[in-house]
Amino acid sequence: MNFMNDALFSQLSTLGASVVLFFGIALLWRRSLHSYVAAFKWQSAVLALLFVIVGYFGNDHELYIVAIVLFGLKVLIIPRYLDRLQARIGIEREATPYVNVASSLIIAGLLVLFAYAVTRPVVSLSTLPTRGGLPLAIGLIFVGLFVIITRKKALTQVVGFLVLENGIALLAALGTYGIPLIVELGVFLDVLMGFLVMQVFVYHIQSTFDSIDVDRLNQLRH
Amino acid sequence: MIHMNFILLLFPPLLAALLAFVVKPYRPFIGWINALLSLIPLGAALRFAAHVIAGNEAPTFGPGEMFRADGLSALLMVCVTSAAFIALFFSPGLRGETTYTPRQLRRYHVSMNLFIAATLVAVSANNVGILWIAVEATTIFSAFVIPLALTKEAVEASWKYILICSVGIALAFAGTVLGYFDFVTLSGRAENALNWPVLLETAPRLHPEVMQLAFVFILIGYGTKAGIAPMHTWLPDAHSEAPAPLSAMMSGVLLAVATYAIVRWKVVVDATLRSNYTNNLLLALGLLSLLIAAFSLVQAQNYKRMLAYSSIEHTGLICLGLGLGPLGAFAAMLHLLNHAVAKPMLFILAGRVLHRYHTTEIDRVSGLLKVMPWTGGLFAAAILAIIGLPPFGLFISEFALFRAGFAAGHPWLMGAVLALLAVAFVALISHLNKMLYGAPAEGLAVGETSGWQIAPLFLSVAVLVTLGLTQPAPLTTLLNQIVAIVARP
């Protein structure tokens, strides 16, 4: 029975991780800012569900609290702010990113492969049923980084950062069944505050530059 | 009762922030209260240092021993609190004349004090998770202050700062999680697993490959905040656009705190790997930072950016020292202290120059010695100090660095470092010359305004000269204790 449980747990967690990663890659494929926010919202919802699954199978009830806070913060609060921000600024689409869609998707695939290579020692060490999803978590971190580097709209960069944080939370969930609760809550607080600050700055950028193209942020030279 | 010292350390900045928040609109007496309150943490830090130097056990405090003050923490605490006092003493809004509105000043004082509190939590945290939270908090609080005046340049600088540093910090968190992962795989989950002494004790049994990967994330992550190349791109912008006191704290102290985080992890990873892995990484990145900084200094046209590049140069030197074994660690920590005294002074003086000349271009500043003799003189002295000339302290620490490099068997590396330092030397001297001499522009008021204000900076110079001529025994004891913590043979 325990073995069946383990197998089910393993499959559910890998499935969940794959869906989370998929939503991250969706950022590279869609072009409208509203769809980025939606992708992040769904990703966070699946991630919260994943925390519930890990909490249930891993017998750690603190993770239920983490899941609730995660859901409240990243599915309800932050996407609402993001949508409002996007509506106020009025920018609809990510025009031409530094790397086009097709190349981005190929590179995303390569990044996930790279993540598999890099995490081989980590996966082989773990005895947890969730270890199959670890490369996907690292892959999501890389994809988040890629979004930040190659996208031109400041708002997209903010979403990329939030996706990066999701990747790290996924890593913590799958690798260690979460981190000590007090640290987890501190992290959430930091993410919330960091997000609020970034949000304020997107407004500032819009009002000083009349655009949120980070291309225009080139005043500072030698 | 040494445990209560933690409260004296951490509570005053929070109180100061609360006061600044509550008093609306901002009034100058708030600024003065903040400056005076910042003397209490300075006293607490010195008390910790004395306690540790006397050979006592490192005191702890808080649930789960959240806070701990060993030699390394004590040194950083002294650096942070002394720079904080200087920064708050020179903050805008203390003396009537200012270009900022009361709203901006209120925001400034609240954020600065929260920033100081966060740095102090970071260096006294015993738990690497709390360390991470505090370092992230410093990014957030300082980001409120950088664009105090909402110019295009300030907004650009702040955006780069918050984005690059948050990404960096997120990567550092991934590294923290990986380290925790390794511990958990070995010993199962534990509430105090992220406590540094616990990690250190378990370290020899942790897995090398995982800790290698974790350290890469940690170095890139915290290295972003420390201004280590190639993650330094936010630094010249942010440090030059921020108000002078914040730049003083960021350059003098925040870089040191991020380096401190790297050092804490280095000790753990070294105990696992028992090889030169971390040393090699630090040497490589340190050299790269020095290289980029030296050549950027040559091209610098803005004197605040010039100071920022100098900070990158010195962070590079500290990294190099950390990669060179016990002698190098001694040199690096001494250098960290010297830099934390010299750099804030430079930024404060640069602020005064900006206030008078209304420009940050080196070419448009001339005749500084005629226009503001005391400011100009101190500025010159500080630049000579930062170049590494005797009789200032940085000469001693750089000399110690070279000694460590040769002892560790890296003569070619030290040759390269020497060459790069020479490049930086020439660049800084020539920029300084342009600024000090020559005819001042028309219509510039001559003579110091409220010259008495810069009196505390003479104290900074005195400290630098003392450190350059002698090595006080308590300091040597402290540094030796730190080396014992940091560079286990």
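Start at B:His358, which is exposed, with 11 other C-beta atoms within 10 Å. Phi of B:His358 is near 60 degrees, a positive value in a residue other than glycine. Look for B:His358 in the loop between helix H14 (325-357) and helix H15 (368-371) of chain B. Helices are DSSP runs of H or I, at least four residues, numbered from the N terminus.

This is a predicted model, where local features need pLDDT of at least 70 and side-chain atom pairs count only at pLDDT 80 or more, while totals for chains, interfaces and linings use all residues. Residues are numbered from 1 along each chain as its sequence is written, and chains are lettered from A and ligands numbered from 1 in the order in which they are written.

Next, select A:Asn59. Its phi is positive, about 60 degrees, and A:Asn59 is not a glycine. The loop between helix H2 (33-57) and helix H3 (62-89) of chain A holds A:Asn59. A:Asn59 is exposed, with 9 other C-beta atoms within 10 Å.

Most residues other than glycine have a negative phi, and most peptide bonds are trans.

Now the cis bonds of chain B. The peptide bond from B:Ala229 to B:Pro230 is cis, with omega near 0 degrees. B:Pro230 is in the loop between helix H9 (208-226) and helix H10 (235-241) of chain B. Then go to B:Pro390 and B:Pro391, joined by a cis peptide bond with omega about 5 degrees. B:Pro391 is in the loop between helix H16 (373-387) and helix H17 (393-407) of chain B.

Select helix H4 (residues 71-89) and helix H20 (residues 473-486) of chain B. Their axes come within 8 Å and cross at roughly 125 degrees. On the H4(B) side, pick B:Gly71, B:Leu72, B:Ala74 and B:Leu75; they meet residues of H20(B) including B:Leu478 and B:Gln481. Contact means C-beta atoms, placed from the backbone, within 7 Å. The residues of this helix contact divide into seven nonpolar, two polar and no charged.

Finish where the chains meet. How many residues does each chain give to the contact? Chain A gives 39 residues and chain B gives 41 residues. On the side of chain A that touches chain B, H8(A) supplies the largest share, 13 residues. That side divides into 26 nonpolar, 11 polar and two charged residues. Ala, Val, Leu, Ile, Met, Phe, Trp, Tyr, Cys and Pro count as nonpolar, Asp, Glu, Lys and Arg as charged, and the others, Gly among them, as polar.

Notes:
Contact = placed C-beta atoms within 7 Å. Helix = DSSP H or I, 4+ residues; strand = E, 2+ residues; numbered from the N terminus. Axes fitted to C-alpha atoms, helices over the stretch in contact; angles between N-to-C directions. Buried ≥ 20, exposed ≤ 12 C-beta atoms within 10 Å, placed from the backbone.
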